[in-house]
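Subject: Structure handover

Hi,

Here is the structure for you to look over. My notes follow below it.

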Amino acid sequence: MKISHDKSTDSLYIHLADRASVDSDEVQDGVVLDFDANGALVGIDVQHASIRADLNNLSLSQLPIGQLLAA
């Protein structure tokens with residue numbers, strides 16, 4: 001899983017799988033779910049992310065993390 005933020009568009013993207021998105025569904029204003037060819041969720045796009053969340057704070061809890069990389 002990878003989380004990235006594009007400052008120019010203030011879009012936060014949560015990459016759940018390394019597969020191409022072929023379909024999307026806006027489930028709430030500014031929240032888009034991306035699906036692969038099999039209908040599996042591969043990503044979540046949160047637009048206007050800095051309004052919706054405190055991007056300066058990230059907390060991980062009880063995740064089975066094998067490797068943690070900071071970019």
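One definition to begin with: helices (H or I, at least four residues) and strands (E, at least two) are DSSP runs, numbered from the N terminus. This is a predicted model, in which local features need pLDDT of at least 70 and side-chain atom pairs count only at pLDDT 80 or more, while totals for chains, interfaces and linings use all residues. Residues are numbered from 1 along each chain as its sequence is written, and side-chain values use heavy atoms, with hydrogens and water left out.

Overall layout

From the N terminus, the order is β-β-β-β-β-α. The C-alpha atoms fill a box of roughly 30 × 30 × 20 Å along the principal axes. Of the 71 residues, 24% count as buried. Buried means under 20% relative accessible area, exposed means over 50%, and partly exposed lies in between (1.4 Å probe, protein chains only). Contact means heavy atoms within 4.5 Å. Among contacts between residues at least 6 apart in sequence, 32% join residues at least 24 apart.

The sheet

The five strands form an open, antiparallel sheet in the order β1-β2-β5-β4-β3. Its edge strands are β1 (2-6) and β3 (23-28), each pairing on one side only. Two strands pair if DSSP finds at least two bridges between them. Neighbouring strands are turned by 20° against each other on average, direction ignored. Here axes are lines fitted to C-alpha atoms, and angles run from 0 to 180 degrees between N-to-C directions. Strands β2 (residues 11-15) and β5 (residues 41-47) run antiparallel and are joined by five bridges. Ile14 has Ile44 in β5 as its bridge partner.

The salt bridge

How many salt bridges does the structure hold? It holds one. The term covers a side-chain nitrogen of Lys or Arg within 4 Å of a carboxyl oxygen of Asp or Glu. Arg19 forms the salt bridge with Asp36, and the closest N and O atoms are 2.7 Å apart. Arg19 sits in the loop between β2 and β3 and Asp36 in the loop between β4 and β5, so the pair ties together parts 17 residues apart in sequence. Arg19 is partly exposed, at 45% relative accessible area. Asp36 is buried, at 6% relative accessibility.

The side chain of Asp36 also reaches the backbone nitrogen of Ala40 at 2.9 Å. Not counting residues up to four places away in sequence, Asp36 touches Arg19, Ala20, Val22 and Val42.

A buried Asp without a partner

Asp34 is in strand β4. Asp34 is buried yet has no salt bridge, and the nearest side chain of opposite charge, Arg19, is 12 Å away. For charge, Lys and Arg count as positive and Asp and Glu as negative; His and the chain ends are not counted. Leaving aside neighbours within four places in sequence, the contacts of Asp34 include Tyr13, Ser21, Asp23 and Leu41.

Positive phi

Asp10 is in the loop between β1 and β2. Its phi is near 55°, a positive value in a residue other than glycine. Asp10 counts as buried, at 14% relative accessibility.

His48 lies in the loop between β5 and α1 (49-52). His48 has a positive phi of about 55° although it is not a glycine. At 46% relative accessibility, His48 counts as partly exposed.

Best wishes

Definitions and conventions:
A polar contact is a pair of N or O atoms within 3.5 Å; within protein, one must be able to donate a hydrogen and the other to accept it, and residues adjacent in sequence count only if both atoms are side-chain atoms.
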